[in-house]
Protein chains: 2
Amino acid sequence: MADVARHAGVALGTVSNVINNPAKVAEGTRLRVLDSIAALGFVRNNLARSLAAGSANTLGFVIVDIGNSLFVDIARGAQKAAGERDMKLLLANSDVDLDSQNEYLDLFDEARVSGILLAPLDAPLDGAAKVRSHGRAVVLVNWPGEPGESCGVVVDEELGGYLATRHLLDSGRSRLLFAGGPLTLHAVEQRYAGARRAVDESGGAATLELLETDRLTVPAGLRVGHEIAGRSVDDRPDGIFASADALASGCVQALIYGGINVPADIAVIGYDNNHFAADSVVPISTVGQPGIEMGRIAAELLLEETDPSQPHSHRTVVTEPSLIVRASTKPAG
Amino acid sequence: MADVARHAGVALGTVSNVINNPAKVAEGTRLRVLDSIAALGFVRNNLARSLAAGSANTLGFVIVDIGNSLFVDIARGAQKAAGERDMKLLLANSDVDLDSQNEYLDLFDEARVSGILLAPLDAPLDGAAKVRSHGRAVVLVNWPGEPGESCGVVVDEELGGYLATRHLLDSGRSRLLFAGGPLTLHAVEQRYAGARRAVDESGGAATLELLETDRLTVPAGLRVGHEIAGRSVDDRPDGIFASADALASGCVQALIYGGINVPADIAVIGYDNNHFAADSVVPISTVGQPGIEMGRIAAELLLEETDPSQPHSHRTVVTEPSLIVRASTKPAG
DNA sequence: CTGTTAGCGCCTTCAT
DNA sequence: ATGAAGGCGCTAACAG
């Protein structure tokens, strides 16, 4: 930086101003300094900048599973929101491993990032608490904030379950089946609760069978589909709500394989709006989480919490999922 | 850090040594300092550390598409290799956007990371050249290194195409069809060349039809499958090499939908070892890239280039894909 | 093995 | 609008 100053024939402080407070320096000088910067291939040392300034222009995002498209969408949304405030977003993949998650939390802590976004795995949040105790803001993503401790962004899973089921009912289906599990998973349980509510509202006009699976994968869905295809026609549902697209995809494939027509015989709706759903012989209706929006909101909450000039109270924002109708639930008949 | 020193009743330099050169300090003192660190919730400021030490313990990885499982695998491998040398790996998603890619390159440059891994998009590598001109090492991933300029790690696509086709031939198929495109994509063209080679080696016992697609997606695969299902039986191939699993998945779905038996009537093999292939009614054979290994190699090349105590000459490491046999190519008959 | 000291590169008052 | 000086928190090299 001193080199640049010498090259441009100005003082070191002026170069600093050209970079950080362009308005404070005369047009001519500014241009001359800029030229020197280019000529010398100068790159501001962010380490020193952040050290001296006491704050970084970077946000960290620790992701539980980078293979999951929802989190990729969230990252995109957060990236965009951060970019609008001239902040950069760095990612770290904890890979569904608690130790790894805590390590990356520490890494961002040591790197003095401005704030941290955390999509946690279903485990104690000690690591986050530790980072927070150092005064670094942590916003939970796809996880409720801890009351009075941190912000969070979640999706209303119950509503999603309701929407999916309501849609099956509206399409003229009445013998419904909910597939998914294990029910100990909060999201699955909530989606089932929503399904339950929709059916209860129908006042006895519809039934809901529960078929719990051990996982939410394509193979599990294949098993579900095969099981149903093996039933006598009368015992089959006419509408299936698979609580994840992977499950729905397997289910649809196995049903078709078994000679059952989707959606004429059985309508199927999934959940998550993964590529699984769209990329199927029979495109599968689904419920989508607003990943990009979630990321944007999370980043904004974090930026707000980080900004000392702004009052901030911790809160959990609940976003709404939305119904995406495709061929797999076209009305019966 | 001064606080810790005071609390432990030692000098500031000792605290530094406890953290960085534990061997250089007496056991008792070390423990006492460690206690103080815990008691005070001290977190070493990595910015200051890197600034003072002149080098960071962090690697950056700019990824073209974080939604692609190959890159996720590569990230895992790189993460592991880096971890073994006490280095951390930070990720950035350029999202198939050149500007974004260059921005993240600059970000890592400013952050003075120890080195950068770049899985580039198919576009000029100016950004990488710029960073390199600042003396920061860049290793190209899934892209050949620029001779004399940088290292790279790639997969032998031609070999992969050969393996897939060889496997179809070995399974007793002879009327082969290669689906994929556009052929302007380097990887597709190479895979086709490998297929060509395998068929040529058969000495006229087999034929290879080329069906170029405009994309490598499930919908494109569906179109391929529907097209083939629409042919008269005699005109159909008995073995299909789809140059991507997404394509193969769509193809298999459409064939089954059209009443064709896979693999009895037509064997299908994909490429990439994505979940698409495994998660299919008929599990699809495929060719897998050694993502984890690629990541590990890339990180090691980078670390070697970064280490001034070691001689280094730029090179491109070519890794070998491997055949993964599943149900979709079980021998005819 | 311990304590002291001089920067790492930059930002930010402060005077000019 | 500009130049000079102090310090951000830490490491490394030195003298004890």
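Modeller: Helices, taken as H or I runs of at least four residues, and strands, taken as E runs of at least two, are DSSP runs numbered from the N terminus. The model is a predicted one.

Colleague: With that numbering in hand, in which loop of chain A does Pro263(A) lie?

Modeller: Pro263(A) is joined to Val262(A) by a cis peptide bond whose omega is about 10°. Most residues other than glycine have a negative phi, and most peptide bonds are trans. As for its place, Pro263(A) lies in the loop between helix H11 (245-257) and strand S9 (267-269) of chain A.

Colleague: Is Val96(B) buried or exposed?

Modeller: Val96(B) sits in the loop between S2 and H6 of chain B, and its phi is positive, about 55°, although it is not a glycine. Since the cut-off for exposed is over 50% relative accessible area, the 53% relative accessibility of Val96(B) makes it count as exposed.

Colleague: And what is the relative accessible area of Arg112(A)?

Modeller: Arg112(A), in the loop between helix H6 (98-110) and strand S3 (115-119) of chain A, has a phi near 55°, a positive value in a residue other than glycine. Arg112(A) is classed as partly exposed, and its relative accessible area is 22%.

Colleague: Turning to helix H9 of chain A, how far apart are its end C-alpha atoms, against the span that its residues should give?

Modeller: Helix H9 of chain A covers residues 186-201, and at 1.5 Å a residue its 16 residues should span 22 Å.

Colleague: Which exposed residues does the face of H9(A) turned away from its buried side carry?

Modeller: The buried residues of H9(A) include Val188(A), Tyr192(A), Ala195(A) and Val199(A). Seen down the axis of H9(A), the buried residues fall within an arc of 155°, so they line one face of the helix. What covers them includes helix H8 (157-170), strand S6 (175-180), strand S7 (207-212) and strand S8 (239-242) of chain A. The face turned away from that buried side carries the exposed residues His186(A) and Asp200(A).

Colleague: Which three residues of chain B supply 15% of the area that chain B buries against chain A?

Modeller: The contact takes 42 residues from chain B and 42 residues from chain A. The area buried between the two chains is about 4200 Å², with carbon and sulfur atoms giving 60% of it. The three residues that supply 15% of the area chain B buries against chain A, more than any other three, are Leu47(B), Glu110(B) and Val281(B).

Colleague: Which element gives the most to the side of chain B that touches chain A?

Modeller: Across the interface of chain B and chain A there are 6 salt bridges, and the side chains of Lys88(B) and Glu103(A) meet in a salt bridge at 2.6 Å, N to O. The elements of chain B that give two or more residues to the side touching chain A include helix H5 (69-84), strand S2 (88-93) and helix H6 (98-110). With 7 residues, the element that gives the most to that side is H6(B).

Technical notes:
Residues numbered from 1 in each chain as written. Chains lettered and ligands numbered in written order. Predicted model: local features only at pLDDT ≥ 70, side-chain atom pairs only at ≥ 80, totals over all residues. Heavy atoms only, no water. Expected span 1.5 Å × (residues − 1). Buried < 20%, exposed > 50% of the residue type's maximum accessible area, 1.4 Å probe, protein only. Arc of directions from axis to C-beta. Contact = heavy atoms within 4.5 Å. Buried area = accessible area lost by both parts, 1.4 Å probe. Salt bridge = Lys/Arg side-chain N within 4 Å of Asp/Glu carboxyl O.
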